[in-house]
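Please examine the sequence and the structure shown below before reading on. The report that follows is written to be read beside them.

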Amino acid sequence: MTIQLRAIGAVSVFSLLMLAACSTSSQVRGGSPSVKPAGERNTAPDFTLKDADGRSVSLSDYKGRVVLLNFWATWCGPCKIEIPWFVEFERRHKDKGFAVLGVSMDEDGWDVVRPFVAGIGVNYRILLGTEMMAEQYGGVAALPTSFLIDREGRIAATHVGLVSRRDYEDDISALLESQ
Amino acid sequence: MKTTSARFWNLSRTLAAALVLAPALPAQTGQPLAVTPPARASGARNGELTARVEIRMRGGYHVNSNTPNDDYLIPLALAWDSSLVKPLETIYPRPELQSFSFSDKPVSVYAGAFEIVTRFAVPAKAPVGMAVVTGRLRYQACNNTMCLPPRTVEIRLPVEIRAGQ
């Protein structure tokens, strides 16, 4: 019985420590649990890709803006949930120095991407990704994968897989307000 | 027989490990599909042979069926490269129609364990003995929240050709 009480005590203390750690982490990050403190952010690798009109687009063109860099594909079901959110974010925050960049990882290129994007009414820039560019971002092993990049061009948050719209809203608000 | 306290400590260790590993779980994107070809497929000259390729999906994952119900989805497809025996028919299992939060209509998928069966014709002049036929299985897997890039895996099928009657 004494052993069991000790065990319960140990697990309780462990759980409390875990909760305290999570709570501290959220406070440091300023309300958005996924946004890293500025001092812990790494520079987002620059890249140059083509958009649907064949124009070259570089991440460095967006310096000074908060960028949501989203890796997606037409065959990715969960990606299709997020795209309407990103359309809304682009519309709502564009004038505050925010931009979405959608990087399609479709092997079949614009032949499939162009009609898909037109059909879903995307209002932000879509680029065609390359394996080399994806490697710069850790390989992008799963889609959707998104990076929130701050105004100084540093990766502030990363989301692998579908997360809630609220998570993105919190991240974007935190980054737009942190000036 | 385990005592109650031993069981409790085992449970505690499991819970602790789960808590520590929890942040790393989204990064677990290794291949969720395992393919097992038959140990051997045999048939006689002028006859047929059948190969049953077993596929097992990791829990929570699915692949699109060979007849996905959306033009943008990538179908499961098994193709054989063989001049030795001639593929006659590849039989895929009946797909499941599963509902996902990311689709407003059920999606035609395979999940769990299933098999793809291929019938081959054995030519009259096929060399008697053992050989290997190669195939390529192309698939694209997802779970509820993420998708993995399309992948093609090579399948090596040991084939035994007999002289026949």
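## Basis and confidence

Residues are numbered from 1 along each chain as its sequence is written, while chains are lettered from A and ligands numbered from 1 in the order in which they are written. This is a predicted model, in which local features need pLDDT of at least 70 and side-chain atom pairs count only at pLDDT 80 or more, whereas totals for chains, interfaces and linings use all residues.

The pLDDT is the predictor's confidence in each residue, from 0 to 100. The model as a whole scores ipTM 0.81 and pTM 0.80. Chain A averages a pLDDT of 87, and 82% of its residues score at least 70. Over residues 1-5 of chain A the pLDDT is below 50, and this stretch has four contacts beyond near neighbours in sequence; two residues are in contact if their C-beta atoms, placed from the backbone, lie within 7 Å. The pLDDT also stays under 50 over residues 7-30 of chain A, with 15 contacts beyond four places in sequence.

For chain B the mean pLDDT is 86, and 81% of the residues reach 70 or more. The pLDDT is below 50 over residues 1-28 of chain B. Where pLDDT is low, the predicted coordinates should not be read in detail.

## The two chains

Helices (H or I, at least four residues) and strands (E, at least two) are DSSP runs, numbered from the N terminus. A residue is buried if 20 or more other C-beta atoms lie within 10 Å of its own, exposed if 12 or fewer, and partly exposed in between, with C-beta atoms placed from the backbone. The table sets out the two chains.

| Chain | Residues | Helices and strands | Buried share |
|---|---|---|---|
| Chain A | 179 residues | five helices, eight strands | 34% |
| Chain B | 165 residues | one helix, 12 strands | 26% |

From the N terminus on, the elements of chain A run α-β-β-β-β-α-β-α-β-α-β-β-α. In chain A, among contacts between residues at least 6 apart in sequence, 72% join residues at least 24 apart.

## Two sheets of chain B

Two strands pair if DSSP finds at least two bridges between them. One open sheet of chain B has four strands in the order 2-12-10-5, with mixed pairing. Strand 2 (41-44) and strand 5 (77-81) of chain B stand at its edges with a single partner strand each, so one side of each is left without a neighbour in the sheet. Within this sheet, strand 10 (residues 129-139) and strand 12 (residues 151-162) of chain B pair in the antiparallel sense over 11 bridges. B:Val133 stands opposite B:Leu157 in strand 12 of chain B.

Another open sheet of four strands in chain B has the order 1-3-9-6, and its pairing is antiparallel. Its edge strands are strand 1 (33-36) and strand 6 (86-91) of chain B, each pairing on one side only. Four bridges join strand 1 of chain B to strand 3 (residues 48-57) of chain B. B:Leu33 has B:Met57 in strand 3 of chain B as its bridge partner.

## Helix 2 of chain A

Helix 2 of chain A (residues 77-93) has 17 residues, which at 1.5 Å a residue should span 24 Å; its end C-alpha atoms are 25 Å apart, which agrees. The expected span is 1.5 Å times one less than the number of residues. Among the buried residues of helix 2 of chain A are A:Cys79, A:Ile83, A:Phe86 and A:Phe89. What covers the buried residues of this helix includes strand 4 and helix 5 (165-177) of chain A, together with strand 11 (141-142) of chain B.

## The nonpolar core

A nonpolar core is a set of buried Ala, Val, Leu, Ile, Met, Phe, Trp, Tyr and Cys residues joined through C-beta atoms within 7 Å. Of the 73 residues in the largest such core, A:Leu68, A:Leu143, A:Leu148, A:Ile149, B:Val63 and B:Cys147 touch the most other members. Its largest share, six residues, comes from strand 4 (residues 66-72) of chain A. Leaving aside neighbours within four places in sequence, A:Leu143 is in contact with residues including A:Phe71, A:Met105, B:Met146 and B:Cys147. In soluble globular proteins, nonpolar side chains tend to be buried together.

A:Leu175 is found in helix 5 of chain A. Why does A:Leu175 count as buried? A:Leu175 counts as buried because it has 25 C-beta neighbours inside 10 Å.
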